[in-house]
Amino acid sequence: MGVVTETGERLRIDVAEAREYEYICFKEVCLAGGKAYVGYGERVLIVDLVTGQEATFQMNKYFCDFADAEYLGTSTDDFAVLASSSSEVFAFGLDGELLWQSTNLGIDGVVIHDASSTQIEGSGEWDPPGGWEDFVLSTSTGELISGGMPAWWK
């Protein structure tokens, strides 16, 4: 996979499947804070564009999407990148460190819609196809403020 940095430099990142039956529904690259975030299969790979140092974070089932603070119009003091999976959201800081993880937000996909300095709004699919439930998370902790798992699921 090729990545073009903010300075126009090119970097090649080779990503191999971790196991034979890995879910590979979506794949995406996001750049933030001098890091390349690669969502692929069931994980997020973070590569420092200067040092080449890397870290891998395992997700539940499969990677869905990235949402970065700049795109969402919120402060990078809270998070730099949000990564969603089939059922959870990971928040990463500018240094690429995991800030928090929020689970049980869906069973077949989680999407982030918007974020502010206090909350993150999204939806999780609980009854595919089309059974989406809205949720609101705390920006600083990832704790569920409202919504999430529907009452009939419990």
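1. Basis of the note. This is a predicted model, in which local features need pLDDT of at least 70 and side-chain atom pairs count only at pLDDT 80 or more, while totals for chains, interfaces and linings use all residues. Residues are numbered from 1 along each chain as its sequence is written, and side-chain values use heavy atoms, with hydrogens and water left out.

2. Overall make-up. The chain has 1 helix and 14 strands, where helices (H or I, at least four residues) and strands (E, at least two) are DSSP runs numbered from the N terminus. Of its 154 residues, 45% count as buried, a term that means under 20% relative accessible area, with exposed meaning over 50% and partly exposed in between (1.4 Å probe, protein chains only).

3. Four strands form an open sheet in the order 7-8-9-10, with antiparallel pairing; two strands pair if DSSP finds at least two bridges between them. Strand 7 (63-68) and strand 10 stand at the edges, each with a single partner strand, so one side of each is left without a neighbour in the sheet. Inside this order, strand 8 (residues 81-85) is joined to strand 9 by 4 bridges, and 4 bridges also join strand 9 (residues 89-92) to strand 10 (residues 98-102).

4. The hairpin of strands 9 and 10. These two strands form a hairpin with 5 residues between them, and Gly 96 in the turn has a positive phi of about 85°. Across the pairing, Phe 92 stands opposite Leu 98 in strand 10.

5. Aromatic residues. Rings of Phe, Tyr and Trp (its six-membered ring) pair if their centres lie within 6.5 Å, and planes under 30 degrees apart count as stacked, over 60 as edge-to-face and the rest as tilted. By this rule the count comes to 7 aromatic pairs. The rings of Phe 90 and Phe 92 have their centres 6.2 Å apart and their planes at 5°, so this pair is stacked. Phe 90 is buried, with a relative accessible area of 2%, and Phe 92 is buried at 0% relative accessibility. Both belong to one aromatic cluster that Tyr 37, Phe 57, Phe 63, Phe 66, Phe 90 and Phe 92 form.

6. The nonpolar cores. A nonpolar core is a set of buried Ala, Val, Leu, Ile, Met, Phe, Trp, Tyr and Cys residues joined through side-chain atoms within 4.5 Å. In the largest one, of 15 residues, Phe 79, Leu 82, Val 89, Ile 112 and Ile 120 touch the most other members. Helix 1 (69-72), strand 9, strand 11 (110-115) and strand 13 (131-138) are the elements that give two or more residues to this core, and strand 11 gives the most, with 3 residues. Apart from this core lies another, of 14 residues, among them Cys 30, Ala 32, Phe 63 and Val 81.

7. Strands 11 to 13. Strand 11 is joined by 5 bridges to strand 12 (residues 119-127), the two running antiparallel, and they form a hairpin with 3 residues between them. Strand 12 is in turn joined to strand 13 by 8 bridges, again antiparallel, and Ile 120 stands opposite Leu 137 in strand 13. The hairpin of strands 12 and 13 has 3 residues between them, with Gly 130 in the turn at a positive phi of about 95°.
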